[in-house]
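Colleague: I have a few quick questions about this one. Can you open it up for me?

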Amino acid sequence: MPAAESTRLIQRAPKHTALLFDPKNTSRRFDVLATTDIGRAQGNTIVVNDSTVSRQHARIRLELAPADQADSKDRFMLYDLGSANGTFVNGKRIDAPEALADGDTVRFGEVEFAFKQLT
């Protein structure tokens, strides 16, 4: 008896790419993943060795739009993790999750980056 054919659905991760880069030194750039932890401690995705940056300072997380909302888009959200010196978007200190847009200036303590969404 021949083997039954079946269809396999392969769910692929969304192809979202974003970067954080130092506007004064564009060779200093970091990929932003679906979940990206930023801080001074070595276990972070992006390690920022600066005394104004907390050990676990902030997190960027990709949040997918609900499938039933065609007008909604996937977005990268920035969370402050209780940092001592604050997390800022375009000069404004955040105290709740903040959606990032291409070109935003993001600051962790006194360390500034530009956010670039590539897709």
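Colleague: Is phenylalanine 108 buried or exposed?

Modeller: This is a predicted model. In it, phenylalanine 108 has a relative accessibility of 0%, so this residue counts as buried. The cut-off for buried is under 20%.

Colleague: What stands opposite phenylalanine 108 in S11?

Modeller: Valine 111 does. Strand S10 (residues 105-108) and strand S11 (residues 111-117) run antiparallel and are joined by four bridges.

Colleague: What is the order of strands in the open sheet?

Modeller: The six strands go S2-S1-S11-S10-S7-S8, with antiparallel pairing. Strand S2 (25-32) and strand S8 (92-93) are the edge strands, each pairing on one side only.

Colleague: Back to rings. How many aromatic pairs does a search of the whole structure find?

Modeller: Three. In one of them, phenylalanine 30 and phenylalanine 113 have ring centres 5.9 Å apart and planes at 75°, so that pair is edge-to-face. Phenylalanine 30 is in strand S2 and phenylalanine 113 in strand S11, so the pair ties together parts 83 residues apart in sequence. Phenylalanine 108 also pairs with phenylalanine 113; this pair is tilted, at 6.0 Å centre to centre and 55° between the planes. Phe30, Phe108 and Phe113 form one aromatic cluster.

Colleague: Different topic. Where does asparagine 44 lie?

Modeller: Asparagine 44 is in the loop between strand S3 (35-39) and strand S4 (46-47). Its relative accessibility is 11%, so asparagine 44 counts as buried.

Colleague: Which backbone oxygen lies 2.9 Å from a polar atom of its side chain?

Modeller: That of alanine 41. Beyond four places in sequence, asparagine 44 is in contact with Asp37, Ile38, Gly39, Arg55 and Gln56.

Key. Residues numbered from 1 in each chain as written. Predicted model: local features only at pLDDT ≥ 70, side-chain atom pairs only at ≥ 80, totals over all residues. Heavy atoms only, no water. Helix = DSSP H or I, 4+ residues; strand = E, 2+ residues; numbered from the N terminus. Buried < 20%, exposed > 50% of the residue type's maximum accessible area, 1.4 Å probe, protein only. Polar contact = N/O pair within 3.5 Å; in protein donor to acceptor, adjacent residues only side chain to side chain. Contact = heavy atoms within 4.5 Å. Pairing = 2+ DSSP bridges. Phe/Tyr/Trp six-rings, centres within 6.5 Å; stacked < 30°, edge-to-face > 60°.
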